[in-house]
Amino acid sequence: MSLLWLIPLLLVAGVVAWLSERVRTTLPNWISLITFIVATLWVTVVWFSGPDTNGLYANWVQDWIPRFGIDFRFEVDGLSLMLIGLTTFLGVVAVVSSWTETKTRHGFFQFNILWVMAGVVGVFSAFDLFLFFFFWEVMLIPMYFLIAIWGHEDKEYASMKFFLFTQISGLLMLVAIVALVWFNASSSGSLTFNYFELVNADLDSTTAKLLMLGFFIAFITKLPSVPVHTWLPDAHTQAPTAGSVILAGILLKTGAYGIIRFVITLFPDVSQDFCVWGMSLGVVSILYGGYLAYSQTDFKRLVAYSSIAHMGFILVGVYSFNKLGTQGAIITMIAHGFSTAALFMMAGSLQERLHSREMSKMGGLWVRAPRMGAVTMFFVIASVGMPGLGNFIGEFLVLIGAFQKSIVLTVFATIGIVVAAVYGLSLMQRSFQGVPNPNVPKMRDFAFREMSVMVLLMIALVWVGIYPQSLLRMSDTFVSMLEFVS
Amino acid sequence: MSVATMFQAGLPYLVLTSGILVVMIGVAIKRTHAVAAVLTIITLLVTILSHILAYGALNDGVVEITSLFKVDGIAYLFNVLFLLAALVVAFLGSEFLNQRIRFKEEFYLLLLCATLGSIVLPASVHFASLILGLEIIGISLYAMIAYPEKARPPLEASLKYLVLSGVGSTALLFGMAMIYAGSGSLEFAASLPADGSIEGQYLYLIGNAFFWSGIAFKLSLVPFHIWTPDVYHGAPSIVTGFLATVSKGAVFAVVFRYAIEGNVLDSGSVQLALTLIACASMVIGNLLALLQTNLKRILAYSSIAHMGYLLIALLLVESNSAFGYETVVLYLIAYFLMTLAAFGVVSVLSTHQEHELNTIDSVSGLFWRQPIAGVVLIVAAISLAGIPLTIGFVAKFYLFLAGIDGGMWFLIGALVVGSAIGIYYYLRIVFTVIKKAPDDSEAFTGLPWTGLGILTFLGVCMLVLGIYPRFLINLIHNVVQIAGF
């Protein structure tokens, strides 16, 4: 059975989970958890059974709106499969992390989680631009509900900001898509939204530049990169834990995926000229994101800003325009998904126990909850870029790639790693180490439920760190296809 | 054209007219709400079905009935749309009448008359039939708006609408007179000045200026929009729904005819004026909607913006009239569904309330208090904002295609800015609907099943046509092609 049945599976499971609330209030959680576990195992099986002769793991094409040459065109290549695997795996993490957090309306909560994931799987496998845009927007609505209904004190503002930023940038992308299709139709005579035909579109360079910007702005808003990053800290801080995990772990990756899959391949020449700008934006994000992260007093906000810095590495890697940089960016996507998901889960657990995210109300927590301390230590170290763990591989490859393009920018990007150590260790210091805060109530340490997920995430990070070749091999087919002109 | 063909093609008009007579006689014999309602619904249904028979007459795609009407598939498509909308209004209106009004039966007469006026317009190719249709709608609407005769706001709204719509009609008539003075004919197709050139024909241009001002009044385009929020606010929700959809749709259908048959857009000045009006409507309509806290006023301003969006399709007539027509039809279908759904929700929720619900706070937590109405309102808001899964997105997609096809980059810019602003207030509706219901809020129980059923139907249509629009798109495409564009 084709892996693409995953999308209807998630959609149906969402509806079932919603309805099952009437039977028992805990049933939605279980349905959701089992669905994600099954989905993850399914991806694993497909992964190991290997691609078909075209290098694809699944594909499906069907007419949708023939009048405009719009199809359901799904394809899963190595890159897509990796990201789909990340999605389903983090689905498990998201469900477990919010197991006890939501007190009401479990059914609708799980419905939204499952539907976001269905949308994301669609984004990662759509090869028709209309279809891609469709999923791109559709995954936002349940995400919006997650923040707006189950969010914390300032949820209205945060959810609105999140939605406005992504929608408005999405509108630009829609204009760019339609214009690209139209220009292609007027030169080639066939109206089609098929990615594989649009790749060969014949555009003059000014048009291409403008269209590229339409896509680019939409994707860096989602990534997010400075200067369109301001929605992220708010959305993250206010979102429920599962929302943050999904947002940081997966939704940000759709932006990176968009740049790698669409911007670079649809507009190769213009992107080539644009690469200094892309890299510079990345470097600014790294440094500025790191600087802001250090200034935060809110645990979750700090992690949110650190995401901006990490996403900067992806921009630097992609716009280095060589194989190493691109591969590094892809590894960073995966590794950052694991490490940040864990940190957000930690932030959620702390908030559940202390009813606060303020680090001034923490301090010396290690004594109270040694397991939580150790876990946090591991993931902070990972996100700082410790060799042997996934994030290091990603960032290292990015830097090697970038070095070939621009030494100056690479130097600045490397400074970012130092900054990461500063804010990462200060996070650790202010929350778990130091003098125990006398006002902290007695708190429960991680139990089996939380530890099992954390251990899985640790194994995943170590695996990426020690044996990155298994991932590099998966994305190699796609990356080798890119035309890199040095 | 043989007389038989003309009668066959004109069947829907004849059926509806006789239906009006039947309802009138029925009401005169004995006042019974149920009978009047049933007769009205039957009339509307039969009229819709009569289109199937009438369509057989359109062998060459077009039938001319005197010089007043040119009937084609597109006109029929519009007719069916208007009739369906009237059907929704009749169903929802019956509940509204039951609860609030003493004399119920005349409402149906007015509704049918207004519908007759609206189906006259899409086939009109002559200034006489244009003004006739327009005034039938207008006069019926004055009475419909003021129908709850004991309350102040409807009366105020009706008076405002009467005066301003009168002014609009006057401008329209004066414009027609000047166009006639230049061309010597009242037919759209012969409305260009006698010597064929437009440049320097000031009479023609001034005539058109008046004509379009009048039309802009009727469509509530900026800067002729001032009456809209007050009238929308004051009128009973269900009448507002009718006013916002059918009356505007009909006017749009006829000006589209005029633009195509009369080649008005050959004139650069008309084009420029319409472009400016479109931009202003999109941006200002949306901006003003931001400031509102009243649900009906938000929808009023949003309808101003939507009419502005639609002008993009009108402006495409110059270069690609076929696709322009497709865009208009599809957009109107989408707009009808979402607007009727939104006003329908307000109307159904008000069933057992002393006063009609108005403020946005009155729907807070609706999703948890009355899930069906809540979901429909969410879908309608998302659709109005043009977000995928809903037909509103397909409609917006058409606008982008139309705009890019016509190379109207300036308008596309305005469309993007307008939609971006729009998302904010539509989303505020969504947020209000899903937030936790205030503790003192009463549950909306005992709502009429007809109302909820209709709302569900509208909601399902928005979603299904949004996800799988293929058949609708093909239908419109074929109809437009057969009509010879």
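Mentor: Keep in mind that this is a predicted model. Chain B averages a pLDDT of 91, and 99% of its residues score at least 70.

Trainee: Where in chain B is confidence lowest, and where is it highest?

Mentor: Confidence is lowest in helix H14 of chain B, residues 366–369, with a mean of 88, while helix H5 of chain B, residues 106–120, has the highest, at 95. For the complex, the predictor gives an ipTM of 0.91 and a pTM of 0.94.

Trainee: OK, and how many residues of chain B are in contact with chain A?

Mentor: On the chain B side there are 22 residues, and they are in contact with 23 residues of chain A. Helices H16 (391–405), H17 (409–434) and H19 (470–482) of chain B each supply at least two residues of the side that touches chain A.

Trainee: Which helix gives the most to that side?

Mentor: That is H17(B), which gives 9 residues. By class, the side of chain B that touches chain A has 17 nonpolar, 3 polar and 2 charged residues.

Trainee: Switching to packing inside a chain, how do H15 and H18 of chain B cross?

Mentor: The axes of H15(B), residues 371–385, and H18(B), residues 449–467, come within 9 Å and cross at roughly 35 degrees, and the crossing is left-handed. Among the residues that meet there are Val376(B) and Val379(B) from H15(B), with Leu455(B) and Gly459(B) among those from H18(B). The residues of this contact divide into 11 nonpolar, 3 polar and no charged.

Trainee: And in chain A, at what angle do H13 and H14 pack?

Mentor: Helix H13(A), residues 299–318, and helix H14(A), residues 323–354, pack at an angle of about 175 degrees, with their axes 9 Å apart. Because of that angle, H13(A) counts as roughly antiparallel to H14(A). The contact includes Phe313(A) and Ile314(A) of H13(A), together with residues of H14(A) such as Met333(A) and Phe344(A).

Trainee: Last topic, strands: in which sense do E1 and E2 of chain A pair?

Mentor: Strand E1(A), residues 58–65, and strand E2(A), residues 70–76, pair in the antiparallel sense over 7 bridges. As one example, Val61(A) has Arg73(A) in E2(A) as its bridge partner.

Trainee: What sits between them?

Mentor: The two strands form a hairpin with 4 residues between them, and in the turn Gly69(A) has a positive phi of about 65 degrees.

Note on methods:
Residues are numbered from 1 along each chain as its sequence is written. Chains are lettered from A and ligands numbered from 1 in the order in which they are written. This is a predicted model: local features need pLDDT of at least 70, side-chain atom pairs count only at pLDDT 80 or more; totals for chains, interfaces and linings use all residues. Axes are lines fitted to C-alpha atoms, for helices over the stretch in contact, and angles run from 0 to 180 degrees between N-to-C directions. A crossing is left-handed if the near helix is turned anticlockwise from the far one by less than a right angle, and right-handed if clockwise. Two residues are in contact if their C-beta atoms, placed from the backbone, lie within 7 Å. Ala, Val, Leu, Ile, Met, Phe, Trp, Tyr, Cys and Pro count as nonpolar, Asp, Glu, Lys and Arg as charged, and the others, Gly among them, as polar. Two strands pair if DSSP finds at least two bridges between them. Angles under 35 degrees count as roughly parallel, over 145 as roughly antiparallel, 65 to 115 as roughly perpendicular and the rest as oblique. pLDDT is the predictor's confidence in each residue, from 0 to 100.
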